[in-house]
Amino acid sequence: MSRKGWIVWGAILGAALALAWTRSATEAPADETFVARIELTGPIGPAAAEYVDRTIQRATDDGAKAIVLQLDTPGGLLDSMRDIIGGILAAKIPVLGYVAPSGARAASAGTYILYACPIAAMAPATHLGAATPVTLGGRSPMPSPLDNNLPSSSKSSDKAGGNSADDAESHKILNDAIANIRALAQMHGRNAAWAEQAVRGAATLTASEAAAQHVIDFVASDTPALLAQADGRNVHVNGSSVTLSLRGLPVRDYLPDWRARFLGVITNPTIAYVLLLAGIYGLILEAFHPGSFYPGVTGGICLLIGLYALQLLPVSYAGLTLMALGVALLLAEVFIPTAGVLGVGGVIAFVLGSIMLFRTDVPGYSVNIGVIAGIGLCAMAILAMLLRLVMRARRARAFNGEEQMLQDTGELLQAIAAGEEGWARIGGERWRVQAEAELPAGARVRVTGRRGLLLRVTALRTGEGESS
């Protein structure tokens, strides 16, 4: 085997050993009782849902006594939230929801997840709430407080108007969210009335206020305090009653594996957007420079990863179509010069499509406007440069062809007789020439005509200017 092959196999073996060591480092010995800890930070999306589900199963298989789900999230996607709640309710060991460290929050989807946990606790200086669902179009289904004060005739007229279908859909979403969080509150004996208010009116509470209103079970300063206060409590776990015995148990962190980290990166909307663009432009470069391979291979990989990420995220197909139209118009400008009309239209369509690509107000799930603006400005700069080059090319004089050839002069490389052919250096190249009169070697000549690859020349008069 070659040296290069040994290096490749060595790198693969080293990566496998590193993965095995990372996994074994987080596993507990089979004979030791411990509590697993999962840190759920940032927006809740497909990667977070898969991480929580896989880790709950893994911790259960490893023999964990309980799981501490440490939350610090602004909210996230509805489907991912439901997946996490389903995993918590189906868990065979108790899951302790804990909003920490100080300054953390469990907003929006985080409030639902905290309500789903058999034990709910918060660290000092944390808060939760604002659980009103948001539609993909950005409208909140939350009714206005003024709606309750309207007379019945006004409500009837509103329902008869053009927005009745939207209002019905919004109320369906709202009522479904209220029923969901009330069911979770009733399951664990918590304040269902405030839970409804968090959904209907986007109410929020601090840790001490939440404990006073029985929204959470208690306030704990750290994880050992959480386990100590949870010790001896009876909770419902997977349909049965369990008495917790957690005081003093060691805590083992279960970090995201490489798959969860990879999904977390590519499902960031800005990263998915950049991967999509890299894929499109890589394939375009390969089409313009066939055989270079690197742009095509890189572009294909980026495009497939970007499309995989997009199918996990709430994508607006109208925005995706506008982006595709923008790219098509920019390409059309290259082949059908229109003084920038198609190009400018393509940039506008592309920028509008980029803004519309992720039509959601969920925190962390929108493309960074600065990235869109930067790409749009770069596209405009490239378009302006291409238009300038096109205009310069149109104004430039011809450097080849029949007209330019008739202005060239050169030098005979050999003597030729009248009407005979010989060789001359014209424009830095050797040409077969024919003279009307006898000319000596080294004579300066001017091209007077052309027949295929044969040039007709005549001697330059004394003092006649030359052009090259």
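The dialogue below concerns a predicted model and goes from the whole chain to its sheets, a hairpin and its nonpolar cores.

Student: How many helices and strands does the protein chain have?
Tutor: The model is predicted, and the chain comprises 468 residues, of which 39% count as buried. Its secondary structure consists of 16 helices and 16 strands.

Student: What percentage of the contacts between residues at least 6 apart in sequence join residues at least 24 apart?
Tutor: A contact here requires heavy atoms within 4.5 Å. Among the contacts in the protein chain between residues at least 6 apart, those joining residues at least 24 apart make up 64%.

Student: Which strands stand at the edges of the open sheet of 6 strands?
Tutor: The order in this sheet is β8-β5-β3-β2-β1-β11, and the pairing is parallel. Each edge strand has a single partner strand, so one side of it is left without a neighbour in the sheet. The strands at the edges are β8 (218-219) and β11 (251-253).

Student: Which residue is the bridge partner of Met122 in β8?
Tutor: Strand β5, residues 119-122, pairs with β8 in the parallel sense over 2 bridges. The partner of Met122 in β8 is Val219.

Student: What angle does the direction of helix α2 make with that of β1?
Tutor: Helix α2 (residues 46-61) packs on the sheet and touches both β1 (35-41) and β2 (66-72). Its direction makes with that of β1 an angle of about 180°.

Student: Is Gln70 buried or exposed?
Tutor: Gln70 is found in strand β2. Its contacts, not counting residues up to four places away in sequence, include Arg37, Glu39, Tyr98 and Thr223. Buried means under 20% relative accessible area. Because its relative accessibility is 12%, Gln70 counts as buried.

Student: What phi does Asn238 have in the turn between β9 and β10?
Tutor: Strands β9 (residues 234-237) and β10 (residues 240-243) run antiparallel and are joined by 4 bridges; in β10, the partner of Asn234 is Thr243. The two strands form a hairpin with 2 residues between them. In that turn, Asn238 has a positive phi of about 55°.

Student: Which residues touch the most other members of the largest nonpolar core?
Tutor: In soluble globular proteins, nonpolar side chains tend to be buried together. In this model the largest nonpolar core has 55 residues. Leu69 touches Ile38, Val52, Ile88 and Ile113, among others, not counting residues up to four places away in sequence. The residues that touch the most other members are Leu40, Leu69, Ile113 and Leu128.

Student: How many residues belong to the other core, which lies apart from it?
Tutor: The members of this other core include Leu77, Ile266, Leu310 and Met323. The number of residues in that core is 24.

Terms used:
Residues are numbered from 1 along each chain as its sequence is written. This is a predicted model: local features need pLDDT of at least 70, side-chain atom pairs count only at pLDDT 80 or more; totals for chains, interfaces and linings use all residues. Side-chain values use heavy atoms; hydrogens and water are left out. Buried means under 20% relative accessible area, exposed over 50%, partly exposed in between (1.4 Å probe, protein chains only). Two strands pair if DSSP finds at least two bridges between them. Axes are lines fitted to C-alpha atoms, for helices over the stretch in contact, and angles run from 0 to 180 degrees between N-to-C directions. A nonpolar core is a set of buried Ala, Val, Leu, Ile, Met, Phe, Trp, Tyr and Cys residues joined through side-chain atoms within 4.5 Å.
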